Amino acid sequence: MTTRTNNKKQSAKQTDNSYSRVQPQALEVERAVLGALMIDKNAFDSISNLLRPDSFYDPRNQKVFLAILELSQKNFPVDVLSVTEQLARDGNLEEVGGPCYVTDLSSRVASSANIEYHARVIAQKAVARQLIVITSNIEGRAFDETEDIDDLMQEAESRIFELSSQNLTNDYQQINSVLKVANDEIMEAKSNLDDVTGLHTGYEVLDSYTCGWQSTDLNIIAGRPGMGKTTFALCLARFLAEECQIPIAYFSLEMSSVQLVKRLISGISEVEGKKIKNGQYDQAELKRIDQGIGRLWDKPFYLDETPGLSIYELRTKVRRLVKEHGVKVVFIDYLQLMSASTTRYSTRQDEVSLISRSLKALAKETGTTILALSQMNRSVEAREGLEGKRPRLSDLRESGAIEQDADMVLFVHRPEVYGIIYDDNGKDLRGTAEIIIGKNRNGDTGLFLLTFKKEISAFVEYAGNISRGTHQANVKVNYDED
């Protein structure tokens, strides 16, 4: 009993010691930076993107820097007298120690030669203090057995990522370095035998619109239920992994990995999905199934079926997949089933907006192409006719942020789902799918056709796709919003 009590006391003593340590700080450096700002009128511009008032540990220094910041924003001179007057106007002069403290700051330095280096030291100390606050909070809650550990891990990653984002600064570049990169890409494009500068999509007409999937792009594949969004995404994914040997990741929040793979097998073997499901295939079909499995075996196709995946979990997994397997394209099926974090949002639209922004940021951070499937709202159901049923950007569910953040929005639309069997010219639309490019940040919008084979879960090239636009000469697509 005594030993256990002593152990508890020792543990408590160690905990107390860990929190009684002096927090990261550099008071002399803080004073030197403030002094340099008051003797060199150009010094503020070199550190303005590095420091905030709360970057300083000493409350007095926080108030002095705030006064300097206010003067600089108004283009007023920054010196001992002007800072003293600003502190007086703010009611902070006596709190910092009066005019003597301000004068003492400026007398500590002879020049501002090293101010940027010193400012970075202060910024790093501030980040260290913020990390201590975050990790201390997480540590305390980890001891609470009522806490959900999965939620706590997500929150920890979220807060640290947010801290990292806030303190990440991108230096500007003189145009010459950017021109060199642009020139290299232009010259490389000239040497291409076709007009595809990214990754081939598997459909010639889609390549002609997109020039292939481009890295850092966020592309949305949208459609009403039953249109074939998942089938279309799987066709794109299979082509990249099987035909091109491009590592891809497929995150399925709705269907299991086995269900998805059965669809893949059906499409690649051309054996009806129903037969694969109930086992009513013959020997010839079984042989094709085996061959299809063989074609998919060992391909760089990575599946994840985590339900309710959060954006923070996704970021962690994508980073690891890129690092360990060189994944270049990420599929998400589908966006509205994701969650932003454990934080409660006032509206679902706010949460989806954060998810959308985060997906675009993830594509840029990892250099991947992200193709996210998206649901549409019911407004299309109220419209009549072939033209009326075609989806529009405003039909995207929680559309504002998705439409804004996406580099490209593709709609999968099959008129026969609405009972529209013939177009205005009497053409049979059964088995025909319209792929509508409603937004294309780096290219043309438009419409092209694919043939949908429902029995084998596949989209294939439409026979009339001779060249872009030829098959749709009489097709009018209205992209105007209501």
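**Cavities and a helix crossing in a predicted model**

The lining of the largest cavity is made up of four nonpolar, three polar and two charged residues, where Ala, Val, Leu, Ile, Met, Phe, Trp, Tyr, Cys and Pro count as nonpolar, Asp, Glu, Lys and Arg as charged, and the others, Gly among them, as polar. The model is predicted, with local features needing pLDDT of at least 70 and side-chain atom pairs counting only at pLDDT 80 or more, while totals for chains, interfaces and linings use all residues. Residues are numbered from 1 along each chain as its sequence is written, and side-chain values use heavy atoms, leaving out hydrogens and water.

A cavity is a set of points on a 1 Å grid over the protein atoms alone where a 1.4 Å probe fits but cannot get out, and its lining residues have an atom within 4 Å of a point. Two cavities of 30 Å³ or more are counted by this rule. The largest has a volume of about 60 Å³, the volume being the space filled by probe spheres set on the points, which are joined across faces, edges and corners. Its lining consists of T231, L234, C235, R238, R263, L264, G267, S457 and A458. Helix α12 gives the largest share of this lining, four residues, and α12 and α13 each supply at least two; helices (H or I, at least four residues) and strands (E, at least two) are DSSP runs numbered from the N terminus.

How do these two helices, α12 and α13, cross? The axes of α12 (residues 229-243) and α13 (residues 257-269) come within 10 Å and cross at roughly 70°, which makes α12 roughly perpendicular to α13 (65 to 115 degrees). Such axes are lines fitted to C-alpha atoms over the stretch in contact, with angles from 0 to 180 degrees between N-to-C directions. On the α12 side T230, T231, L234, R238 and E242 meet L260, R263, L264 and I268 of α13, contact meaning heavy atoms within 4.5 Å.

S457, one of the residues lining the largest cavity, lies in the loop between β8 (446-453) and β9 (458-461). Phi of S457 is positive, near 50°, in a residue other than glycine. S457 is buried, with a relative accessible area of 18%, whereas T216 is partly exposed at 27% (buried is under 20%, exposed over 50%, partly exposed in between, with a 1.4 Å probe and protein chains only). T216 also has a positive phi, about 75°.

Methods. Parallel < 35°, antiparallel > 145°, perpendicular 65-115°, else oblique. 1 Å grid on protein atoms, 1.4 Å probe; cavity = no way out; pocket = protein on both sides within 12 Å on 5 of 7 lines; lining within 4 Å.
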